[in-house]
Structures are given as C-alpha cells and as structure tokens.
Amino acid sequence: MSSSNNPFYELTSDIKGLLAIETFRENVSTTDFIEQISASVIEQTKLVDGNATAFDPKPFIRTFESVLEELQHLKTRVQEQCNELENNTQSAELEYKRNITDLHGAFDDVYRSYDSLESRIGDVGKTAIRIGEQLETIDKERSKASESRDIIEYFMEFQDGNTERLDSLRQGGEEGQLKTAIIGRRLSAVAKEVDNDKQATVAIEKFCESFEKEILEEFDKAYEEGDPRVMAHCAKVLFEFNGGASCVQTYVNQHEFFMSNMKIEEIDQVRDSEDNADLSNPNLLPPEVDTSLVKLYDDIRITVRREAGIISSVFPQPATVMQVLLQRIFAQSIQDHIELLLSRSKRYSHLAYLRTLASTHAETKRLIENLKFYCDKEASLKDAVDANGLVTSASPDETLDRCMDDLFVPYTEGDRYISKEIECLSELFGKIVSEFLSAMQRRKMTSTRNQSVLTRTLNQISSANSNILSPSVSSPALNEITQSPVTGANPFEKTSRGISSNIVTVDESGFTLLSSDAIMRILNIHAEAIIRCVELEDSQELIASLRKVYSVLVDFMGQKYLDIAMDETLDDLINNKEPELACFPVIKSSTEITRLMQKHFESAVLPLVVSIPSTHRDMLTLKNTFMATIERKVNIVLQKSIEGITYWLSELLGRQKKNDFKPKDEEVAMMSMGTQPCMQCVDFITRVYRSASTALQGKNFEAFLRRIGNAFHSMLLEHFKKFLVTPTGGLLVTKDIAKYQEVIRMFKLPGLDERFEMLRQLGNIFVVKPEILKSILSEGYLARLDPSVLYPYLEKRIDFKSAKLDRLLGIAMDDTTSTATHAAGSSATELNQNNSKNNKSQRRSLFVNDNEVLKDIMKNYTHNRDFLAAFNLS
C-alpha cells in the first residue's frame, strides 16, 4: 500500500466489512474468510485487465498484506478491550464483597434488635399474666365475698323464718331454680358447720328437702312424658344441688327394663329349658348358648343402645350415669341369670356345667363388645370428667371389663375351672375305657392268669370317678355315651349283640377293643375341652392348662387302653400254643389311634403353642414319647406274633403222620385234596393273611408276609426230608405243595413265588418214574442245584435203592467207598475220603452263587454252613 494510485493497494468496502469484530464473534471458517477476500480481488482484476489470461499474484499479495495489517490492529484493539473489562470486573467484584459484608453486619444488627424486642415483649406478657392472675384472684375473692354475703343474708332470713326472697328465686324459671340449687347446697354446708342455731338448720333442711322433691317430681313427669329437655334441666339442677345421685337412682330404679325383666314364669322356663338334655350328652354338639340368656342379652342390647343417646343428652355427667346403669344390669339381671343357669347345669353333670360356663362366657363377651360399641358412638360417654376436666369415674369400657371379671372370676380363678375340666375328662374317658377294662376282666374270669393290671387300672378309674361304674348314681345323659348309635362300618372284626357301641369283640375268645366311634368320641370330647380352655382361661394360664388337659388324653389312650390291650395280646401270644389273631386288630387300633392323635395334635393343640418355643418343645416331647412307646410295643407284638405263627406252623407240620405219604388206599389218596396238616396250615395262613391285611399296609405288610413265607419255606424244606414217599404218596406231596404254593401266591411277593416254585419242582421228583427222573433234574431250578442237595429228598423215594437212584446222581455209596480205599495216598483222594465218610458230597454248583432265588434263600442264614444244614448237608 505504498502507492495510492493503484486500486489494488486499497481495501474495498466489502473486505473492510469482513475485518470487523462482529465477523469473529461466532465460529468462523478460515477457508470461507479467505475465499470471500479472494473473490473481491478477482472481481477487481477482471474489471482492470479485462479478459487477460495470465495470472498476476501481486494484487493478492498486496491485498493479503493489507488484511494482515488490519487484523493485527484489530487484535490489538480486542486485547485492550479485554484488559479493560478484566480490570472493571475485578473492581466490581471487590465492590460486591464490600456490599455483602456491610449487609451481614446490618442483618446482625436487625437480629439483635428483634431479640431485644422479643425479650421486652416477653417481659410485658409476663407482667400482663401476673396482672391477670391477680385480677382473677381479686375477682374470685370478690365473688366469694359477694356469695358469702348472700349466703349469710339467706341464712339470717332462715333464722327469722323469712324465705320469701329464696322462694321468689325458686319460682324464677329454670335459671332461678339453678341458682336456688347452688344456694341451697351452700346453705346446707353452712348449716352443718353452725351448731348453735337449730331453728335455722331445721328450716334449711326442710327447704332443701322440698326443693329436691319438687325437682324430682318434675324429672319424673318429664321422664313419663318423654321430654328430654326438661329432664336435662332437672338433672343439671340436681347435679348442682347434691351431685345428682338421687336423680340417677330415680332414673335407674324406674327404668322399665328392671321393672319388667325376669318374671316368675320366665324363671320357671329357665329351669325347664329345652337345652338341658343336650348339655350332658357328649355325643351331641353343645347348644351355643341357653335360649333364655340369648333373650335377656338381646333385651340388654336394645336397652343400652337406646339409653346411650338419652343419657348423653340428659345428664351433665353421662359416663357416671351409664356406669351406674351397667353395674345395675350386670349385678341384678345378668349375674342372677348366670348363677341360675350354672346351678341348674351343675345338678345334671360336670359336662353340662362346663358347657354352660363356656357358652355363657362367650355370649357375655360378645355382649360386652356390643355395649362398648354403643357407648363409643356417644363421645360424651367415653370419659367422666368434672368442670375442671378431671376424671371423676371409670369410662364405660373400664366398667364393662370390670363387670365381666366380677361375673366369672368366682368360677375361673386359680384352678377352679381346670380342676373341674380334668375331672370331667377323667369321668367321660373313664366311662368309655372302663367298659373295655370290664370286658377284658370278664374274659379273664375263667383264666388263671394274672389280673392285677386290669383290676388296678379299673379301680383307679372307679376311685377317681365314683359314679362312673355305678348306674344308680350316674346321670342318664352320661349313660348315653354307651348307647349312642354307631354310624359307618366297624374297622375291627364284629360287634357282639348286646354289647355297647364303645367296644367291639375281635375274636372268639372274647378279646375286646374300643370301637372307632368310641375313639372319635374321646378325641371330640378332648377337642371340645381345648376350646373351653381357650375361652375360659387367662392367656398366662392357658398353656399350663393345655398341658394338663393333653396329659389326661395321653394317659387314657396310652396307659389305660393301648398299653393294657397290647400287654394282654403279648400275654396271649406267650401263653397260647395257637397264636391269637386278636393281635392284628390291636395293631390296627394302635396305628389308627396314633394317626388320629397326630392329626388331633396338629389341628387342636399345635396352633396354640407353636408361638411359645419352650411349651412347644414340652408338648412335642409328651406327644412323641407317647407315640414312641406305642410304636415300640407294636413292634414287640409283631415280633411275638411272627414267632407264634412260625411256631404254630411247625406244630401243624409236626402232626404229619409217618405213613401219610405211603397210603394204603390209593383210590382215597387220589381223591384227596391234600393231607390234613397241609389243609390246617393253609387254613391258618389264610386266616393270618386276612387278619394282617386289615392291620398292616405297604412295606410293613410286605416285610411281615416275607418273614412268614421265608420261615414256612425253610420248614417245608426240612419237612419233606422226614417221610418215605411211595408213587401214590408222591402225588399227595405235590398236592400239598400246590396248596402251599397257592396260599403263598396270595401274598403277591415275587421272591416268595419263586421259592415255592422251586419247592413245587422239588416235589415233582417224588412222582416221576426213575427213567425220566434224570430229565427232570436237568430242568428248571433243579438243574441249578448240586446233586448232593437233592440227595436227601431222592433218598425218601421208596424205590431209591431198587431203582439205584444214587447211581443216577453219580454219588453211589459203593463207588465212593472203593474210590476212597484206592486213592489213600493221594491228597486229592484224601479229601474225597473225608467227604465220603458221611456218604454225602459237599460240592456246590457254581450256579448257586448266580441264582437269585437261592441267593435270596441264603440271606436267611448267617453262614454257608447254616445254609447247608438246612438241606441236611452239614
């Protein structure tokens, strides 16, 4: 820009416009900025040089140099402005801080001023309060002085016999009567303190009596007319006069509820209530509550609900009046009625008494809740307070709770209730169990066995409940326990005619048990007793009472019934040769009772004790000890029954005659179904199976049958080694085995079926001809046995020697003897010699170890030697 004549040295207005600060305030693209400057230079070049094609860079260089200079100047100006702004900002910030500091100081001054003002205002307020209290005291003193002056004037007028001023005030309407009541109360107080003027005292008393009588007459008239406004005025006047006691008594005494309730004919109706008979019958659900008590409580609900509103609107202190009314209702109506019901039921039975006590307690509790609700609806009845706000009497809720306690404490305090409950349970349970004990005692009358346990238990029940076994003194309703109809099928055997439904006879010897209906009656009676405990016992005493009640049930079910029944069963099993099958009904009864006791405990007892760990543990221990004892005795009975059954089977097999399998009459043998011992065994096993199937189930039943079947199988293996068998006798052997196999097939146990199938195949060796015997021995289970195992059975064939069957097995006696002599020097033959001394071979087929049936048989023997001994090989 050294020459001003060249237009390229001067910047155009467009380029100068681009070099302003506004161009760089936002994001600027350098490329766009250079393009805009270059475009202006290009346009000027075209105007000067025309269409010249040669590029001249000088205009661009000069223009960009000028732009750079301008940009440098612009940068300098911007920097100066920034510096100036920073200085201004710092100055403003310092000024702001100074202002804030000044304001803080000003605010502190204001706060201190307010604190000072508040303190001064508080002092003024305290002064005003003291002044007000002093003014109030002065006013009270002035009022007292004025009232005292009036009282003195009225008293002096009474001394002079002049009562006109007070009479005129008395006739001055409701307000005058209220003032007269206040003056009369104060005059009475003065007259009591002044003893030297009898005339004035007598005059004041006469005036007060006439005034009270007049107000009471107005109250009675308004009560009869149903005018609550006048009643409220009279009540207020009398409350100011003497506390209103006469007014309340008049209101309560003349109430129609007390005038009309419980007439003579109604009391007679209570004595002959239709619920009396059902109360003493434990087989029937107890009536919910006596009908006469329900009617009385309905009348009380109606009365209290109606009177709650009247009392609230009439009396200045309604809570006090309601308290008097409720106490009168409970003391005069409810208590007398409940005492009548309980005294009546006590003459019938303990059960009737306890049912009546529980039902009246529950119904009274519902009545209390209803009455509380009626009283709570009226806000004025919640608290009895005086004019100063002080509580003067109990609230209706407190009164009702106290009335409830007063009603039933005489019957439930201490152990009064629970002792009667235990006595009742012992009586009812004893009535049922004593029938079982008496029947078992009669069964033993002809026996020389020990009767001490039965007699002792029966005497305990009789001494605890002297009227249980004496029909002359027991109540008719209690005797219905043994006369109630039996519903449903009997779970045991059969019930003898003429015997109570509480017991059933389970065998021909007269062995008896309690029926399922009797067991359910006992549990239902106990459940009802628990319900009564929950209803009548305090929460702190409930747990201890439950334990006592549950102990009674455990005692009767365990020691007085099941223990004795199972001891009698064990006695029969030990002393009788043929086992009594009554053990199975006893086992079934024990199992069923255990199941019912568990269910009863879970539903009736557990919910009440589960929240208290220590009690829960104690009750569980009591229950589990009972069940463990029963289970242990059941196992003993089962073991003894198995021993008795196996013993009797061996006795029956022992009746087999020596010549049973050598019949003389072949035609009779051919027509026979089996030998007599066989038929007796089959009949006995069938009876055992049928009896056991009613008492045992599942794995227990299978284990029982398996033990019987295994023992019987072992007996039969030994049994058929003892008798010589003819061809016709062999047919009897197969018939016997077929009968045995048929009866064992009822057990439906595959393992036993295989054993007796082997026994059937073993029996076939007695009937086949010698020439086909070898083929029989090579088939089925017999082929898997060593010949030495079969030797004892083949030896019993009548043709064993004549047919030379020993040679068929390869163990002939002559061969074994010569072989032993010839090979005396050989160690191998020495072994054969030792084996041949007993004329039997000790070899066992390797298949014995592989055969499942034989392995199952071997499980019954401790050692292989015992297994071989079963086949007479040891």
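Colleague: What makes α13 roughly parallel to α15?

Modeller: The axes of helix α13 (residues 318-348) and helix α15 (residues 396-412) come within 10 Å and cross at roughly 20°. Angles under 35 degrees count as roughly parallel, over 145 as roughly antiparallel, 65 to 115 as roughly perpendicular and the rest as oblique, and therefore α13 is called roughly parallel to α15.

Colleague: Which residues of α13 and α15 make the contact?

Modeller: Contact means heavy atoms within 4.5 Å, and among the residues that make it are Phe330 and Ile334 of α13 and Leu400 and Phe408 of α15. By class, this contact of α13 with α15 has 13 nonpolar, 4 polar and 2 charged residues.

Colleague: Why is Asp683 called partly exposed?

Modeller: Asp683, which is found in helix α24 (residues 676-695), has a relative accessibility of 43%. Buried means under 20% relative accessible area, exposed over 50%, and partly exposed in between, with a 1.4 Å probe and protein chains only, so Asp683 counts as partly exposed.

Colleague: What is the average pLDDT of the chain?

Modeller: pLDDT is the predictor's confidence in each residue, from 0 to 100; the chain averages 77, and 77% of the residues score at least 70. Over residues 1-8, however, pLDDT stays under 50. Where pLDDT is low, the predicted coordinates should not be read in detail.

Modeller: Residues are numbered from 1 along each chain as its sequence is written, and side-chain values use heavy atoms, with hydrogens and water left out. In this predicted model, local features need pLDDT of at least 70 and side-chain atom pairs count only at pLDDT 80 or more, whereas totals for chains, interfaces and linings use all residues.

Notes. Axes are lines fitted to C-alpha atoms, for helices over the stretch in contact, and angles run from 0 to 180 degrees between N-to-C directions. Helices (H or I, at least four residues) and strands (E, at least two) are DSSP runs, numbered from the N terminus. Ala, Val, Leu, Ile, Met, Phe, Trp, Tyr, Cys and Pro count as nonpolar, Asp, Glu, Lys and Arg as charged, and the others, Gly among them, as polar.
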